Amino acid sequence: MSTMDDDVDAILDGMRVWAVVGCSPDPSRDSHRIASLLQDRGCRVIPVNPAVDEVLGERCYPALTDIPASEGVEVVDVFRRSASAGAHVDEAIAIGARGVWLQLGVIDSAAIERARAAGLRAVMDRCPAIELARPDAAA
């Protein structure tokens, strides 16, 4: 069984299409800054926010399940309250994502276990920007 650090590395090294749930159009919000960072690293970001049509030059979808399968979502990054995170993890499993990432402060151990049981890489209570800044971080 993989560890959280293994999953961090596998997601940051090998997954390039990120659906960012709760992605804000406001540049001061963490979700916007992380989505922009991912784009700067060559990742495709697909924003998910029912209140917005576009973020960072990408079409914004109201829900994960509205993203066409042809977009090839690999990892679902969740910027929502912990109480909402489990539903998004279940959607990530349903759409065939390979990984889920719950941001700092987003904690749902049961959802992480469901994701791992379904074969997904799963990260909880971590931030990609912090992980990428580690000296031993993935290139």
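Q: Among contacts in the chain with a separation of 6 or more, what share comes from residues 24 or more positions apart?
A: The share is 59%. Keep in mind that this is a predicted model.

Q: Which pair can I look at as an example of residues apart in sequence?
A: Take Leu56 and Ser24. They are 32 residues apart in sequence. In space, their C-alpha atoms are 9.5 Å apart.

Q: How many helices and strands does the chain have?
A: There are 5 helices and 7 strands. Read from the N terminus, the order is α-β-α-β-β-β-β-α-β-α-β-α.

Q: What does the radius of gyration say about the chain?
A: A compact globule of 139 residues would come out near 14 Å. This chain has 13 Å, which agrees. The C-alpha trace spans about 40 × 35 × 30 Å along its principal axes.

Q: What part of the chain is buried?
A: Of the 139 residues, 46% count as buried. The accessible area of the chain is about 6500 Å². Carbon and sulfur atoms make up 49% of that area.

Q: How should I read a helix with buried residues?
A: Think about the turn first. An α-helix has 3.6 residues a turn, so residues three or four places apart point the same way. Now the case here. In α2, residues 30-40, the buried ones are Ser31, His32, Ile34, Ala35 and Leu38. Looking down the axis, these buried residues fall within an arc of 170°, so they line one face of α2.

Q: What do the buried residues of α2 pack against?
A: Their partners are the strands β1, β2, β3 and β5, and the helix α5.

Q: Which residues of α4 are buried, and where on the helix do they lie?
A: In α4, residues 109-117, they are Ala111, Ile112, Ala115 and Arg116. Their arc around the axis is only 140°, which puts them on the same side of α4. The cover over these buried residues includes α1, α3, β6 and β7.

Q: What should I look for in phi?
A: Most residues other than glycine have a negative phi. Leu56 has a positive phi, near 55°. Asp125 has a positive phi too, near 60°. Neither of these residues is a glycine. Gly42, which follows α2, has a positive phi near 90°.

Q: Where do Leu56 and Asp125 sit?
A: Leu56 is in the loop between β3 and β4. Asp125 is in the loop between β7 and α5.

Q: One last feature. How far apart are the mean positions of the positive and negative charges?
A: They are 1 Å apart. The chain has 14 positive and 22 negative charges.

Key:
Residues numbered from 1 in each chain as written. Predicted model: local features only at pLDDT ≥ 70, side-chain atom pairs only at ≥ 80, totals over all residues. Heavy atoms only, no water. Helix = DSSP H or I, 4+ residues; strand = E, 2+ residues; numbered from the N terminus. Buried < 20%, exposed > 50% of the residue type's maximum accessible area, 1.4 Å probe, protein only. Arc of directions from axis to C-beta. Contact = heavy atoms within 4.5 Å. Rg over C-alpha atoms; globule rule 2.2 N^0.38 Å. Areas by Shrake-Rupley, 256 points an atom, 1.4 Å probe, with all protein chains shown as cover. Lys, Arg positive; Asp, Glu negative; His and termini not counted. Charge placed at Lys NZ, Arg CZ, Asp CG, Glu CD.
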